[in-house]
Amino acid sequence: MRYKLLQEGDIQVCVIRHPRTFLSKILTSKFLRRWEPHHLTLADNSVASATPTGYMENSISYSAIEDVQLLSWENAPKYCLQLTIPGGTVLLQAANSYLRDQWFHSLQWKKKIYKYKKVLSNPSRWEVVLKEIRTLVDMALTSPLQDDSIHQAPLEIVSKLLSENNNLTTQDHESIIVAIAPLLENNHPPPDLCEFFCKHCRERPRSMVVIEVFTPVVQRILKHNMDFGKCPRLRLFTQEYILSLNELNAGMEVVKKFIHSMHGPTGQCPHPRVLPNLVAVCLAAIYSCYEEFINSRDNSPSLKEIRNGCQQQCDRKPNLPLRLLHTSPDLVSQEATLTESRLKPVIVTSNEIHVEVERNNTANQKMTAGVGNDSEPNLIDCLMVSPTCSTMSIELSAQADRILGCYVEILKMLSDYDDWRPALASLLQPIPFPKEALAHEKFTKELKYVIQRFAEDPRQEVHSCLLSVRAGKDGWFQLYSPGGVACDDDGELFASMVHILMGSCYKTKKFLLSLAENKLGPCMLLALRGNQTMVEILCLMLEYNIIDNNDTQLQIISTLESTDVGKRMYEQLCERQRELKELQRKGGPTRLTLPSKSTDADLARLLSSGSFGNLENLSLAFTNVTSACAEHLIKLPSLKQLNLWSTQFGDAGLRLLSEHLTMLQVLNLCETPVTDAGLLALSSMKSLCSLNMNSTKLSADTYEDLKAKLPNLKEVDVRYTEAW
């Protein structure tokens, strides 16, 4: 039978001084006030019945208890324990046999724990100490008590023993680790013991103890730990353990097998805490590689101060590059040498960090726009302004370089698992790395593989994490785009990111505007080299009238006509524009209803047959149209009422409508497969007066959000939805 360890105030007991009868009834709170220093209160012979409170007055420590036995003589009171102490015997009576046994095992446990604490606090011979540790572990494993302290107490005793004795040999270390290994199977090691394990991993990475004993301990930490912030030494121990695996002959192959063992053989990892814990370990390890550089920047300016400093210096000396952060005298040379040094990389060591910024027109515009703005500037703007300004490099020590390589490789491994990729992308979206790492060419080059995996994933929850986590902050998309501090190719990754984002981004027009404002040059260069994605981007910019400047439009047209694929797509664009002008020409009906069972192709054929510039009311109810027809609907300039009742029109089409048909007043989505993902996009259609969402997958939260953001909405049908 299993028993719970006695806690304060759980029970009441009767105390008997043998061979007399009952003396007084006492509460357990006096029996076990605390486990430290654990005194048992006993009644005095002469005054027990006369005490004002009824409690015993004299206390006896657990170490004074010579023996604890179950009462067994004939005609003895029921459910009693016999405690042998100096000068007499004390009987404790419980209410039933279970409580009596619980007290018995609890008292025995505490008595033995005090014994082992005393023995192991003054070790003389280590062979005796090791034998006592094994006995202590066996006692904890065989105890019928169920409590966390049963296994933690021996670990804490051993931890204290190791922290107070630094002269142990390696063999002693390994013997102690093997002895306490059974307790570590279901318990986290205490902080001091983690420190001892870390030391062993650093000094003996090839020891079999690392593989045989530490592996299940680390696996348990990664599967069950909830917060490394509360127990940082667990994270440090995990970090050192992985580094010790990397020191084995097979190196990263052993690490890869360990990561695979944590994921499991199936396509879905059964332990949700493994990935966040592994990422936390990787981020901490990567940060430690640059910690020497970060700590050397005592009182160095923040990102905002760097930006403000750039503005002030640029206003005073517009032709000179700016050097920031602990500028050393040898770098502040005469103006004649500054222009030459602009093209030379700055080697950053632990004693000095230099950020060299070279101004151009784009940078000047950005800086001027930021005057008077107290918000934190973009991280990438502080590291880089122009493509020719890759002037910052960092040299790591051999040890830091080894750590960096190991943990970046682990991030690559994590990105290869399909089920882990969405969570990994979300964890890395805020760019949780120090700016020293982002300025380190080796780091960004190695991390490029992870970003490429995000860009190749068709799931929106993955590749959308390439964008910034919030407005005003840069993301991986900006970091690895041409001109970004991490871009080391001719724009292949940038084109891949644009392609996947354009395929799922419902705010296509807004995304194109952002590209036109910030990345038009790289887009045109890649289109000039025949990149089909960029050719499509330039055609869309012309089709949606993103570019206002006539000279820029002509330059885009010239770029398109310079390649075969561009010329063909531009001709198709011109043909669509001619059809669009004919479609939007004033005239034609104001109301139109398609027959049931009509398809997207039927709608396209009908709209291409004449002018529909006056069409205000279009009914596609009970047809077979899908989201694909949205490309034709957005070309109707006068459309105010749209009926999509019982069609297959979904979220993708709804997103496109919300971006272009901002003047739509009446929309019927009854019995369509739209969900919250598409319905939320309707918040930009401020002219909506009537909205039917009957029998859709509308949630209550989305309904409340739409009501708050659509001020003109008067008629709403939400029957047979969650919001009803």
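This briefing describes aromatic pairs and charge-over-ring contacts in the structure above. The model is predicted: local features need pLDDT of at least 70, side-chain atom pairs count only at pLDDT 80 or more, and totals for chains, interfaces and linings use all residues. Residues are numbered from 1 along each chain as its sequence is written, and side-chain values use heavy atoms, with hydrogens and water left out. The structure holds 13 aromatic pairs (rings of Phe, Tyr and Trp, the last by its six-membered ring, with centres within 6.5 Å; planes under 30 degrees apart are stacked, over 60 edge-to-face, the rest tilted).

**Phe 433 and Phe 443**
- These two rings form an edge-to-face pair, 5.0 Å centre to centre and with 65 degrees between the planes.
- Phe 433 lies in the loop between α17 (421-428) and α18 (435-438) and Phe 443 in helix α19 (residues 441-456), so the pair ties together parts 10 residues apart in sequence.
- Phe 433 is buried at 6% relative accessibility, and Phe 443 is buried at 1% (buried means under 20% relative accessible area, with a 1.4 Å probe and protein chains only).

**Phe 477 and Phe 494**
- The ring centres of Phe 477 and Phe 494 are 5.5 Å apart and their planes stand at 40 degrees, so the pair is tilted.
- Because Phe 477 lies in helix α21 (residues 476-479) and Phe 494 in helix α22 (residues 492-504), the pair ties together parts 17 residues apart in sequence (helices are DSSP runs of H or I, at least four residues, numbered from the N terminus).
- Phe 477 and Phe 494 are both buried.

**Ring cluster**
- Phe 196, Phe 197, Phe 214 and Phe 237 are linked into a cluster by ring pairs.

**Charges over rings**
- The charged end of Lys 115 sits over the ring of Tyr 116, 5.1 Å from its centre (NZ of Lys or CZ of Arg within 6 Å of the ring centre and within 35 degrees of the ring normal).
- Lys 117 lies over the face of Tyr 114, 5.6 Å from the ring centre.

Notes: Helices (H or I, at least four residues) and strands (E, at least two) are DSSP runs, numbered from the N terminus. Buried means under 20% relative accessible area, exposed over 50%, partly exposed in between (1.4 Å probe, protein chains only).
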